[in-house]
Amino acid sequence: GNAGIDMALPLRLAPFVGVYGISFVFAMLAASTALVLLRQPRMRLLPIFVLPLLWLLPAIPENSPAHERALVVQPDIDPALEWTALAQEHAEERLSLLSHVLPAPLIIWPELPAPLYFYDDRAFHQIAIDIAQSGSYFLFGTVAYTTPAHQPLNSAVLLQPDGSEVGRYDKINLVPFGEFVPPFFSFVNRITNEAGDFVAGHNVKVLNAGSHRLGVFICYESAFPDLVRQFARQGADVLVNLSNDSYFGHSEAREQHLALVRMRAVETRRFIIRSTNDGITAVIDPGGRVRKELPPYEELAAAIQYGSESRETFYALHGDWFAWACLIVGLGLSALPKRTQTSPRP
């Protein structure tokens, strides 16, 4: 269904049934083609005639107002960099300079492949507070810890302009073999070189940034529509995706990841600010359109415009009801006794 992100007609389904509804439409078309090629009875093609009803659904919104401003930082840090005390100091200086390029009510850093520990490193802790005290809400990715076990969490922290912490979201869906190794698979090589396994967070949290409420999801959590819609359901009027796609290299996986985020914008009818380490950093409107895209593989900071939306879509409220209904109906039909086919009469 994510392949339909630029198809205006089937995309109308997303705010009601999510991406799985669009997948269902594509499956209907494929099945109908197969029925024709196999010369099946024409009655089996009847379900496809509900597709014209898509025109009765509301069109995807255009020209959503974007009057708010934020500064996004794309540091372009090499994930293979060997970290020394000097390298870390240089990275912190560069990030601090980029964060002061332009004044903005909200400053956003991505998920970073760097040992910048807000809760452990006094120097970085003070740098983060100084950035916020320049008069901005400051959202950034870092490593937090559980209590009392002190296990690492992949987290997003929001500071307010006085430097105090507003709140923190801990990533719930971790990358298998990247952020943790599933049980019984310890012999498999890891994707990344993290020092230890992360543990998963448990709660969807909305962070208050002045007059706005931010729903922050991290990296490949964009692939989980039921998770992202819960931020909107809990009152987030803007969504933010912090990501580090460096491990994709220069492959098309970056575009695919962006397509997933764009679909989440349509399902929830929310602006999404996507901040990444080295691309693709972008602003996506509630229609899934990329309003602004920053050039990848460059160290930069840029001001972006975004808007907010408080109304909830049917999908945000009710989730994957359509997909579950398909599963239940499918299982029910498969349990029915099969009719035996009789040979044709001579």
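# Rings, helices and a sheet: worked exercises

Phe-124 is buried at a relative accessible area of 1%, where buried means under 20%, exposed over 50% and partly exposed in between (1.4 Å probe, protein chains only). The model is predicted: local features need pLDDT of at least 70 and side-chain atom pairs count only at pLDDT 80 or more, while totals for chains, interfaces and linings use all residues. Residues are numbered from 1 along each chain as its sequence is written, and side-chain values use heavy atoms, leaving out hydrogens and water.

**Exercise 1.** Describe the aromatic pair of Trp-109 and Phe-124.

*Solution.* Step 1: the structure holds 13 aromatic pairs; rings of Phe, Tyr and Trp (its six-membered ring) pair if their centres lie within 6.5 Å, with planes under 30 degrees apart counted as stacked, over 60 as edge-to-face and the rest as tilted. Step 2: for Trp-109 and Phe-124 the centres are 6.0 Å apart and the planes make 35°, a tilted pair. Step 3: Trp-109 sits in the loop between strand 2 (106–108) and helix 4 (122–132), and Phe-124 in helix 4, so the pair ties together parts 15 residues apart in sequence. Helices (H or I, at least four residues) and strands (E, at least two) are DSSP runs, numbered from the N terminus. Step 4: Trp-109 is buried, with a relative accessible area of 0%. Step 5: both rings belong to a cluster that ring pairs link, made of Trp-109, Phe-118, Tyr-119, Phe-124, Phe-138 and Phe-140.

**Exercise 2.** State how helix 2 (residues 14–37) and helix 8 (residues 321–335) pack, and which residues meet.

*Solution.* Step 1: the angle is about 45° and the axes are 7 Å apart. Axes are lines fitted to C-alpha atoms, for helices over the stretch in contact, and angles run from 0 to 180 degrees between N-to-C directions. Step 2: helix 2 and helix 8 are therefore oblique to each other; angles under 35 degrees count as roughly parallel, over 145 as roughly antiparallel, 65 to 115 as roughly perpendicular and the rest as oblique. Step 3: Phe-16, Val-17, Tyr-20, Gly-21 and Phe-24 of helix 2 meet Trp-321, Phe-322, Ala-323 and Cys-326 of helix 8, contact meaning heavy atoms within 4.5 Å. Step 4: this contact has eight nonpolar residues, one polar and no charged. Ala, Val, Leu, Ile, Met, Phe, Trp, Tyr, Cys and Pro count as nonpolar, Asp, Glu, Lys and Arg as charged, and the others, Gly among them, as polar.

**Exercise 3.** Give the strand order of the six-stranded open sheet, then find its edges and the helices on it.

*Solution.* Step 1: the order is 5-4-3-2-1-12, with mixed pairing; two strands pair if DSSP finds at least two bridges between them. Step 2: strand 5 (165–170) and strand 12 are the edges, each pairing on one side only. Step 3: helix 3 (residues 85–99) packs on the sheet against strand 1 (68–74), strand 2 and strand 12, at about 160° to the direction of strand 1. Step 4: helix 4 lies across strand 2, strand 3 and strand 4, and runs at about 160° to strand 3.

**Exercise 4.** Is Tyr-306 buried or exposed, and where does it lie?

*Solution.* Step 1: Tyr-306 belongs to strand 12 (residues 300–306). Step 2: its relative accessible area is 4%, so Tyr-306 is buried. Step 3: neighbours within four places in sequence aside, Tyr-306 has contacts that include His-67, Arg-69, His-212 and Phe-271.
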